[in-house]
There are 2 protein chains.
Amino acid sequence: MRKLKVNNNEVAFYAMGGLGEIGKNMYCVQFQDEIIVIDCGVLFPEDELLGVDYVIQDYSYLVENQEKIKAIVITHGHEDHIGGLPFFLQQVNAPIYSGPFALSLIKGKLEEKHLLRNADLHEVNEDTVLKFKKLSVSFFRTTHSIPDTLGIAVHTPQGTIIQTGDFKFDLTPVGGLPAPNLQKMAKLGDDGVLLLTSDSTNAERPEFTKSEQWVDTHIRRIFEKIKGRIIFASFASNVYRLREASDAAIKQGRKIAVFGRSMENAIGAGQELGYLNIPEDYLIDPNDINSYPPEKVLIMCTGSQGEPMAALSRIANGTHRQITIQPGDTVVFSSNPIPGNTVSVNQLINKLDEAGATVIHGYVNNIHTSGHGGQIDEEFMLRLMKPKYFAPVHGEYRMQKIHTKLAEMTGVPLENSFILANGDVLALTKDSARVADHVEAGDVYIDGRDVGDSVGNPEIRERRLLSEEGVVTAIAVIDLKNHQIVAGPDIVSRGFVYMHESQDLIKAANHEVFWAILNTFKNRKKIDERILNRTIVSRLQKLLYAQTGRRPVIIPMVTILNGDQKHEEPKKNKQSKPKTDKNVEKEDVK
Amino acid sequence: MRKLKVNNNEVAFYAMGGLGEIGKNMYCVQFQDEIIVIDCGVLFPEDELLGVDYVIQDYSYLVENQEKIKAIVITHGHEDHIGGLPFFLQQVNAPIYSGPFALSLIKGKLEEKHLLRNADLHEVNEDTVLKFKKLSVSFFRTTHSIPDTLGIAVHTPQGTIIQTGDFKFDLTPVGGLPAPNLQKMAKLGDDGVLLLTSDSTNAERPEFTKSEQWVDTHIRRIFEKIKGRIIFASFASNVYRLREASDAAIKQGRKIAVFGRSMENAIGAGQELGYLNIPEDYLIDPNDINSYPPEKVLIMCTGSQGEPMAALSRIANGTHRQITIQPGDTVVFSSNPIPGNTVSVNQLINKLDEAGATVIHGYVNNIHTSGHGGQIDEEFMLRLMKPKYFAPVHGEYRMQKIHTKLAEMTGVPLENSFILANGDVLALTKDSARVADHVEAGDVYIDGRDVGDSVGNPEIRERRLLSEEGVVTAIAVIDLKNHQIVAGPDIVSRGFVYMHESQDLIKAANHEVFWAILNTFKNRKKIDERILNRTIVSRLQKLLYAQTGRRPVIIPMVTILNGDQKHEEPKKNKQSKPKTDKNVEKEDVK
């Protein structure tokens, strides 16, 4: 069983996913034999990963150490925070603690996979305190684009570790829904926060993210001007948005028809939990929409991201059973396309336009706002929590990096901030923090059915990558006994054009490898070649992606002169026969 | 001696100035025989008040009740918060408590008037607690465009009353200066706030006010591009701005010459208190500026508002002893003209331009940000304090009104918000609030030397007003015994065009008078005709100004049928022989 290389008095923070990426969030706090897991999400792969439906975490470390897992606590019900639970629960048995809205979504997921009966589910709210032998967990209310969003505080013998979850400071949520609990956050800050791990999604936006109240105002204004039918498309889970649209519709006397399963579920849960307030006689049967005059109809549907099978795409294609676009229809996209979906959303808009509908969309019309706080929100969180140490999470490398600058401007010295990668283990005492270890935390590809069916063909992917992106090799010879670099590091690349052109980039890459080795010397008495190689790969990947936007295959080739270190075969990933990306790179070294 | 008409268990909040206007702030909290006075500022009159240098408060009530005044606490050192002290202290003897920067400015002021020797001055910081028999006062650190800004909490037997002072949430102040103490504010909110009285200056701006850090970045960038001399003009009291300019200059090796007395004072105090960090050898004698090459000189001077006698105006006019504009000079206005000064600032810019200087100014170049929080800042304050009752202060009526809407959106029911006018007495218990009385709180005009010299000629002013704005008369006959309105209210106007054109406005005016009378019935057993007339004038003034932007002369003519009420002559204003505007209106009734 893999054990963390941390001292017995140190508390560890590490992520199986969510660092250097947006998606598959899974953060862990471990002290001795107690682990608290925070969230378990999926990542929706980019188009290039054909045949892959989800990417999940390589959490083999947690599977091996599962008897230590005291709780899986959930911040909120988005897919990138709960979507991985049906996979994880097939391998790990641990109680889940979640707010009511996420819990209802989790139940649905587990039901589908016939996992609900054996699941150990607990509803929590911000007043809940979970007490274990050495660790305890408390919650604080935040706001995001889905109701019941919680931040998590894990209280450890060395101090409190905060995981904010996804958040923005929505000071004026719609429908009287609760605002962020500033008092509780300030109290945590006053009592002392050892480590803050905070949402970095919008760290590049120099703004305070607008409230849903602002969207509400504009949705009302837009609805008031529309005489015909309104087809309203948004994320089903953004119940605030559903509230805004339904409130505006009811004010106009429009009946509401709901299309798309996730939208039906969200409206059901929203009504049940009191986040929505639609009188029963306003919800009409989808088959009856044509018996109402157009100005008395609101159609709420899924598919705002151009998903081909969702209601809106079928409406646009003319293949929907109940709805055909008719002159006078207005389609309102209360969302912005996620970067990867821009093309399909544009195609969808064109089709709707051709079919005769008026299309209103996005930020331009003030009918969308982000669920993630911008720089001002992030600074408020930092000032409220006043952490000693800081680790930006939930973001790509460049966002994490900017977030550490915000931390510096709000009083956290740069040397107390850690830009971690998935698997990096941050070991903390009340007055020290260091990256002490690195556990498995690669990508696992899923074809949508089950973990057992995880997709293979990494070889094909690798060849494609090689052909498209080239290869970068880092070479070094180190003397283990004397902690010296005997030769190198040298960087050699083939087929990776950017490196041929830039001496600066080669220098920077060299620098990364140099520090990866030096940190390894510093942190451990015994050098683990696997960890060193992984660190080199991860550092170079980040650098090259940040500088060139490319992901060449990276091959670390470190020769260790001292024979103490046994070259062991990398442990096979228990859950996925095909190797993850990093395994591939690792094996190339051999 | 005038006594407040409040119950013995009620705590009273009222303002001598600062409500319905921006300027001459002076807020009071009174419980039984203890009064805490917060700030004592002046108002700079609009151009139309020729011959008037300052407007101060008619604080005859406080003069009469001066033995009750336990403390004058100061939020910060701007003129509209401390400028009235030299006048007030000539009539009232009370200890002053202030943060260090404001204190050094107050000392200068009192010294000038030979009042320093007898003044009872105390330096406080945010940890100070002042304890009196029934009331106590604590402080919390905020940020504004001057250092050492404090919010005030007056703890009363009925609950805590907060006066925010002027504030914005600058989360990233320059030079490592302290940020707002969110924890302390949240703690006050958690412990329970009875009444929040909060800065409304920027209630019309739907934004989070930008940090000084942002200005700092842009000042640096602009300085880096300038090859010749830099002449930097800003408010002397904005020590943050002086810090940004001096830091940027030092980075370029520019020596710094200071012109203008208030700038010299501010830099002296800033250096002494550690807010500025200019090495001694960087501060040069103004006479020596020509012995340095242009690219090594920064001139810091007063006059950013186009004040005719300030250094910058004299430089522009070519009448400055040491500085003449030369080709290559760049003048940086790190300020925005205050509304009344737009014309003079534009003239100044033209002159500088003609003289051959490059002029960089204002928001356009990102070298200015407001010291007052926008709507987002105000919402944060509301969410942090979670008050039961709310009274927007430091703003004109329309700003106060918008601020109550923000309060409503952040959880304070509209009926718990009070848009008070100067002199209105809000009486509170822990679960009630009502406007219970109205004390004298008119305008007193000062010619710049002393209170004794207060300017006369209100008759001339009145005739001018009558000729320009017209007159509005409100007529009603009331039966005091039966609490009934026997005739009216009727509104008659002459020379006030807006009213002729709008039945709606007449209706609204009628409504205001109606409610003024009804509230008087409700609140008091014995009707005080003076108060009723004052209330009518104040309500109509607000309405008419909000709707038309005009201030006609208002004459309330209420006939009281029951003879119980003695028509007493209005008490002469102790401190000003000439009558205030309101006195004039009052006398017209007779």
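1. Accessible areas come from the Shrake-Rupley method with a 1.4 Å probe, and for residues only the protein chains shown count as cover. By that method, chain A exposes about 23600 Å². Carbon and sulfur atoms supply 49% of this area.

2. This is a predicted model, in which local features need pLDDT of at least 70, side-chain atom pairs count only at pLDDT 80 or more, and totals for chains, interfaces and linings use all residues. Residues are numbered from 1 along each chain as its sequence is written, and side-chain values use heavy atoms, with hydrogens and water left out.

3. Chain A has 17 helices and 24 strands. These are DSSP runs, numbered from the N terminus: helices are H or I with at least four residues, strands are E with at least two.

4. Of the 590 residues in chain A, 60% are buried. Buried means under 20% relative accessible area, exposed over 50%, partly exposed in between (1.4 Å probe, protein chains only).

5. An unreviewed UniProt entry lists a "binding site" that includes A:His368 and A:Thr369. Such annotations may be inferred rather than shown by experiment; positions follow the numbering used here, and feature names are shortened.

6. Where is A:His368? A:His368 is in the loop between β17 (358–361) and α11 (375–385). A:His368 counts as buried because its relative accessibility is 11%. Its side chain makes a polar contact with the side chain of A:Arg241, at 3.0 Å. A polar contact is a pair of N or O atoms within 3.5 Å; within protein, one must be able to donate a hydrogen and the other to accept it, and residues adjacent in sequence count only if both atoms are side-chain atoms.

7. A:Thr369 also lies in the loop between β17 and α11. A:Thr369 is buried, at 3% relative accessibility. A polar atom of its side chain lies 2.8 Å from the backbone oxygen of A:Lys210.

Technical notes:
Chains lettered and ligands numbered in written order.
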